[in-house]
Amino acid sequence: MRAARGITSRAHPLWLAYILHRLSGLGLALFLPFHFWVLALATTDPARLDGFLTLTEAGAVKLAEFGLVFLLAVHMFGGLRLMALEFLPWTPSQKTLAAGATALSFCVAMLFLLKAI
Amino acid sequence: MTSNILKVTLERDAGGQTEFDVPAYESQTVLDVVSWIQQNADPTLSYRFACRVGMCGSCAMMVNGVPRWTCRTHISKVLDGDKVTIGPLRNLPVIKDLTVDMDPFFDKWVGAEAVHHGTLTRDDPIAAVDETSPERVEANAGIECINCSVCYAACDTVAGNPDYLGPAALQRAWTLLNDAKDEGRAAILEAVSGRGGCHNCHSMGSCTAYCPNELDPMSAIAGLKRETAKSFFKRGR
């Protein structure tokens with residue numbers, strides 16, 4: 001079974017999309033308890049919460065926030081992809097068109113949002 | 001091809017590896033390489049093949065970590081420099097050398113109710129089949145399976161769950177579910193929604209990526225997921 005250990009047959013887009021979805025979900029699951037704990041500080045220890053909030057000015061934390069938003073986006077679109085894949089009996093070209101349209105509208109919406117900010 | 005001699009590593013049973021120098025030639029398949037070793041270097045080598053033209057599904061092996069039908073795979077397409085590693089199919093018990101026991105694979109075809117459920121006898125008239133109906137088109141998409149077990153070897157869900165029926169068996173269950181001549185709908189849905197059934201599939205897509213006949217078991221399993229879900233919401237099971 002050593003051929004199994006060295007298996008290189010995972011190097012294709014569908015498997016990579018699968019592992020990205022799982023790892024982003026795992027990352028979010030690890031983050032959420034911490035997130036709720038920090039939010040809970042608003043009622044238990046507001047001074048400490050303010051301490052945490054000043055931390056968000058730091059560059060490293062900003063970078064981590066980017067990572068977090070990336071995980072959320074990857075996980076959400078991974079979930080939508082999976083549902084489309086399994087529950088929409090469309091042809092591959094229809095799915096490509098739908099994904100392209102979604103991505104395009106997402107980009108346009110993001111542009112407007114960035115302009116508004 | 002970079003040299004006239006191929007460095008071939010065979011992954012034998014009990015974890016042993018053996019290296020062979022095999023002369024290279026034009027239009028040489030992986031099966032040709034294995035056959036050369038057995039005929040010229042090691043007559044004890046065990047491997048399985050029959051038709052040599054991609055119809056019988058008996059010669060699949062792991063080639064550089066990828067499951068392939070060896071009779072239709074040119075060695076020049078898979079060489080890493082002048083090296084290649086050939087092993088027995090993944091996810092199946094090894095009998096000896098490159099020969100695996102296919103019993104678990106075929107048992108799961110039966111487990112998925114991927115068998116014909118007929119109700120007519122030889123005395124009945126032959127039922128007409130509408131080749132253009134959506135169900136028939138769906139069934140036709142999967143019927144060219146040659147039972148080679150490449151998808152079964154490529155699947156990580158099979159590797160992680162010994163009960164999982166696997167892509168080939170589930171794809172055949174899906175074709176029968178769409179086959180107007182098959183009357184086993186209830187039995188099939190029951191079989192594929194159980195512990196080892198279609199809902200184990202994580203849609204990793206290795207079955208579809210490596211099927212040598214370019215079939216799409218992943219989408220067939222997605223079809224079963226839809227039908228079992230519909231059946232669950234309609235009848236509560």
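**Chain B, overall**

I started with the elements of chain B and found ten helices and seven strands; helices (H or I, at least four residues) and strands (E, at least two) are DSSP runs, numbered from the N terminus. This is a predicted model, where local features need pLDDT of at least 70, side-chain atom pairs count only at pLDDT 80 or more, and totals for chains, interfaces and linings use all residues. Residues are numbered from 1 along each chain as its sequence is written, and chains are lettered from A and ligands numbered from 1 in the order in which they are written.

I looked up the extent of chain B next: the C-alpha trace spans about 60 × 40 × 30 Å along its principal axes. Of the 237 residues in chain B, 45% are buried. Buried takes 20 or more other C-beta atoms within 10 Å of the residue's own, exposed 12 or fewer, partly exposed anything in between, with C-beta atoms placed from the backbone. For contacts in chain B with a separation of 6 or more, I noted that 64% come from residues 24 or more positions apart; a contact needs the C-beta atoms, placed from the backbone, to lie within 7 Å.

**Strands around E1(B)**

Which strand pairs with E1 (residues 5–11) of chain B in the antiparallel sense? I found E2 (residues 17–23) of chain B, over seven bridges; pairing asks for at least two DSSP bridges between two strands. Leu6(B) has Val22(B) as its bridge partner in E2(B). E1(B) also runs parallel to strand E5 (residues 83–87) of chain B, joined by four bridges. There, Lys7(B) is bridged to Lys83(B).

Most residues other than glycine have a negative phi. Asn147(B) has a positive one, near 60 degrees. Ser149(B), in the loop between H4 and H5 of chain B, is not a glycine either, and its phi is about 75 degrees.

Are these two buried or partly exposed? Asn147(B) counts as partly exposed because it has 17 C-beta neighbours inside 10 Å, while Ser149(B) is buried, with 26 other C-beta atoms within 10 Å.

I also stopped at Pro104(B), in helix H3 (residues 103–111) of chain B. Pro104(B) is partly exposed because its C-beta neighbours inside 10 Å number 17. From Pro104(B) to Asn91(B) I read 9.5 Å, C-alpha to C-alpha, for a sequence gap of 13 residues.

**Chain A**

Mean pLDDT (the predictor's confidence in each residue, from 0 to 100) is 85 for chain A, with 94% of its residues at 70 or more. By element, the lowest mean in chain A is 46, for H1(A), and the highest is 91, for H2(A). Where pLDDT is low, the predicted coordinates should not be read in detail.

In H2(A), I found a kink of about 30 degrees at Phe31(A), shortly before the proline Pro33(A); the bend is the angle between axes fitted to the seven residues ending at a residue and the seven starting there. Tyr18(A), His21(A) and Ser24(A) of H2(A) are buried. The cover over the buried residues of H2(A) includes H4 of chain A.

**Where A meets B**

The contact takes 18 residues from chain A and 23 residues from chain B. On the chain A side, helix H1 (2–5), helix H2 (13–44) and helix H4 (59–87) each supply at least two residues. H4(A) gives the most, with four residues.

Technical notes. Two residues are in contact if their C-beta atoms, placed from the backbone, lie within 7 Å.
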